[in-house]
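Hi,

Here is the structure I promised to pass on. Have a look at it first, and then read my notes below.

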Amino acid sequence: MQFKQLKRWPLIAVFAALIGVSAATTTVLAASNTITVRANLLNVRLGPGLAYSVMGQVQNGTKLTVIKQQNSWDQVRLAGNKIGWVASWLVDQNEATTTTAKLATAKRTTNVRQYATTDAKILGTVNAGRQLKVIYQEGHWTQVAYDNTAAWVATSNITLSGNTVALAQPKQVSTTVKPQTTTVAAVKVTTTASVNLRQAGGLNAPIVAKLAKGTTLTVLDQSSDWYKVQTAAGKTGYVASWTVTTPGTKATKAATNLSEATIVLDPGHGGADSGALSTTNKYEKTYTLEMAKAIGSALQAQGANVIYTRSTDTFVDLAPRPAMATKAHADAFISIHFDSSANANEASGFTTYYYNSKKDLALAKALNQAFSSNLPLTNRGYQYGNFEVIRNNSQPAVLCEMGYINDDKDFAQIKSQNYQQQVASDVVQGLTAYFKAGNHQ
Ligand SMILES: [Zn+2]
């Protein structure tokens with residue numbers, strides 16, 4: 001997170017700024033909440049989730065104005081007043097840019113969160129009676145100035161006092177709301193029959209034009225089963241989504257690059273289930289967790305959304321592990337294990353297992369190829385493996401045996417941070433290639 005240092009403006013400057021902008025626009029007194037894109041290329045989608053089609057892409061560093069937030073997705077305004085959604089874990093929330101704040105008091109001990117959802121990261125807590133500066137309120141959530149940034153508290157946890165106060169302003173931030181100049185590559189659809197262009201979404205809406213079969217349209221927005229579209233001649237209206245093709249829809253149901261992907265990492269064993277043993281009686285469960293965390297950090301650094309089936313030394317049964325991948329609509333599930341041979345020091349090397357050749361093989365190949373490039377152990381290749389966590393998995397899934405724990409040479413690598421980091425960067429490399437190739441659905 002990068003936040004500019006907030007500096008308190010002299011009161012006179014705040015008044016001057018207020019007089020200056022009030023003539024131009026009144027919206028500046030409401031919060032102008034902006035975010036900065038930190039993925040290399042960020043998909044802008046028609047709705048808040050990976051299941052929605054991509055309407056365009058924006059570059060790293062682009063600033064976007066947030067309209068609202070929902071389930072870890074930000075609704076943003078783009079050029080031409082287009083509205084789209086971006087994954088909130090791929091953007092940095094910028095400083096608040098309001099000039100006045102209402103004062104409120106916390107009714108009880110209250111969590112202060114990064115975004116307006118109950119699963120958002122807790123930035124801190126405030127005690128009952130603590131005064132807060134309110135920037136913006138939307139329904140159940142209130143945006144407050146907190147620790148030099150803008151954060152959210154539950155509206156029910158605060159009482160507004162009715163007083164206002166000048167809010168500290170970052171010096172670099174202009175108080176005028178600049179028009180967004182973000183441009184996005186538009187999504188096109190083609191009519192599959194002679195189609196009515198209507199004034200609004202719905203079969204009862206007046207028809208504004210008849211479109212011939214094969215007409216290409218630019219999608220401006222989507223509401224339930226209707227696309228708001230623009231014709232080549234610039235006429236806008238609505239068409240039923242079932243009357244047009246949606247090229248690329250299949251590929252856009254899932255992440256199209258690593259930075260937008262949700263990856264479930266599954267450290268094998270845990271708690272009472274210690275897994276296999278090294279010749280020195282060290283537990284497999286210890287190193288599966290260490291390696292998964294190294295991989296997870298490397299993926300998060302690329303902007304991926306990482307979910308662990310366990311992040312501590314706890315017992316997790318087999319069945320709930322793939323269920324987490326289903327629930328999260330994960331783009332990939334990677335289980336980490338270490339092999340063990342019947343007798344110590346008789347087998348060595350790493351193997352990448354897949355179960356379903358249609359669903360998992362491309363992922364297994366991509367990861368195994370990345371592993372083969374630099375790891376100091378023998379590559380035993382990718383193979384079919386009948387393991388429950390990949391067999392009962394609805395998402396692309398692999399199980400990686402990253403060395404033999406009861407082989408002393410392998411174990412020296414398994415426990416080394418160097419090896420764990422190499423594996424982590426290989427997973428990044430492998431997944432990047434996997435998504436780039438577009439070979440998963
Ligand atoms: Zn294992």
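A word on strand pairing before anything else: two strands count as paired if DSSP finds at least two bridges between them. Helices (H or I, at least four residues) and strands (E, at least two) are DSSP runs, numbered from the N terminus. Keep in mind that this is a predicted model, where local features need pLDDT of at least 70 and side-chain atom pairs count only at pLDDT 80 or more, while totals for chains, interfaces and linings use all residues. Residues are numbered from 1 along each chain as its sequence is written, and side-chain values use heavy atoms, with hydrogens and water left out.

Let's start with β5. This strand (residues 73–77) runs antiparallel to β6 (residues 83–87), and five bridges join the two. Tryptophan 73 sits opposite alanine 87 in β6. β5 also pairs with β4 (residues 63–70), again antiparallel and through five bridges, with lysine 68 facing glutamine 75 of β5. Four of the five residues of β5 are buried, so the rest of the structure largely encloses this strand. Buried here means under 20% relative accessible area, exposed means over 50%, and partly exposed is in between (1.4 Å probe, protein chains only).

Now the metal. The zinc ion is coordinated by His269 (NE2), Glu284 (OE) and His337 (ND1), at 2.1 Å. Along the chain these donors follow the spacing H-x14-E-x52-H. Histidine 269 is in the loop between β21 and α3, whereas glutamate 284 belongs to helix α3, 15 residues apart. Both histidine 269 and glutamate 284 are buried. Donors are N, O and S atoms within 2.8 Å of the metal (3.2 Å for Na, K and Ca), and water is not among the atoms, so sites may look incomplete.

On to the charged pairs. How many salt bridges are there, if one is a side-chain nitrogen of Lys or Arg within 4 Å of a carboxyl oxygen of Asp or Glu? The count comes to three.

- Arginine 321 pairs with aspartate 266, with the closest N and O atoms 2.8 Å apart. This pair links distant parts of the chain, arginine 321 being in helix α4 (residues 320–327) and aspartate 266 in strand β21 (residues 262–267), 55 residues apart. Both arginine 321 and aspartate 266 are buried.
- Lysine 285 pairs with aspartate 313, the closest N and O atoms being 3.1 Å apart. Lysine 285 lies in helix α3 (residues 284–301) and aspartate 313 in the loop between β22 (305–308) and α4, so the pair ties together parts 28 residues apart in sequence. Lysine 285 is buried at 9% relative accessibility, whereas aspartate 313 is partly exposed at 45%.
- Lysine 359 meets aspartate 360 at 2.8 Å, N to O. Lysine 359 is partly exposed, at 21%, and aspartate 360 is buried, at 0%.

Is threonine 110 buried or exposed? Its relative accessibility is 1%, so threonine 110 counts as buried. A polar atom of its side chain lies 2.7 Å from the backbone oxygen of arginine 108. Leaving aside residues up to four places away in sequence, threonine 110 touches Gly124, Thr125, Val126, Val153 and Asn157, where contact means heavy atoms within 4.5 Å.

Cheers

Terms used:
A polar contact is a pair of N or O atoms within 3.5 Å; within protein, one must be able to donate a hydrogen and the other to accept it, and residues adjacent in sequence count only if both atoms are side-chain atoms.
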